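Hi,

Here's the structure I said I'd pass on.

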Amino acid sequence: MTHISIKLSQSTAILLEHARRAGMSDQAILAAVEAKDSAAFQQIEDERFNYENFISYAEEHGERLAEAIKEGYRLTFNTRNGLKSWLEQAFGLQGGQDFEVGEGIIEKLHLTEQQAELVHQRLAVNWTVAEANEVPDGKELTLKLRAPEVNI
């Protein structure tokens, strides 16, 4: 497995994957990022996905967005609903239909081998792949929130 050192916030990663899912090529996204042209995303914006601060937020928080587009990234932190949204945008899935979301767990996530590898690379450290079972056409994953260590 490849180690990815570039980190993106959950919101930046969801917007990036939404842009890809909406049909923007990595080249078009990269050109907009390098030109600092948030208007390039206007055609894919809707009530859920607003790109007005996409580039400036990444810059202000030290996110290497251009490198992430070219080389990949790891999420810095995932909430349950944020991870659900990221999975929906990254793979075109629907929570409740293509996978189940519970308290601190995502189950029955059916992915191709490549998609499963991508989840493993991108998943924030506060989540873990608890199970990975072979199924026809790929893997079925169970993702779990890591429990914090308690010092007694």
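Q94 sits in the loop that links α5 to β3 (100-102); helices (H or I, at least four residues) and strands (E, at least two) are DSSP runs, numbered from the N terminus. This is a predicted model, where local features need pLDDT of at least 70, side-chain atom pairs count only at pLDDT 80 or more, and totals for chains, interfaces and linings use all residues. Residues are numbered from 1 along each chain as its sequence is written, and side-chain values use heavy atoms, with hydrogens and water left out.

Q94 is partly exposed, at 40% relative accessible area (buried is under 20%, exposed over 50%, partly exposed in between; 1.4 Å probe, protein chains only). Leaving out residues up to four places away in sequence, Q94 touches E88 and F99, contact being heavy atoms within 4.5 Å.

On to α1 (residues 10-21): nine of its twelve residues are buried, so the helix is largely enclosed by the rest of the structure. Those buried residues pack against β1 (7-8), α2 (26-35), α3 (54-60), α4 (65-71), β2 (74-75) and α5 (80-91). After α1 comes G23, with a positive phi near 105 degrees.

Among the residues L143 touches, beyond four places in sequence, are L83, L87 and W127.

Cheers
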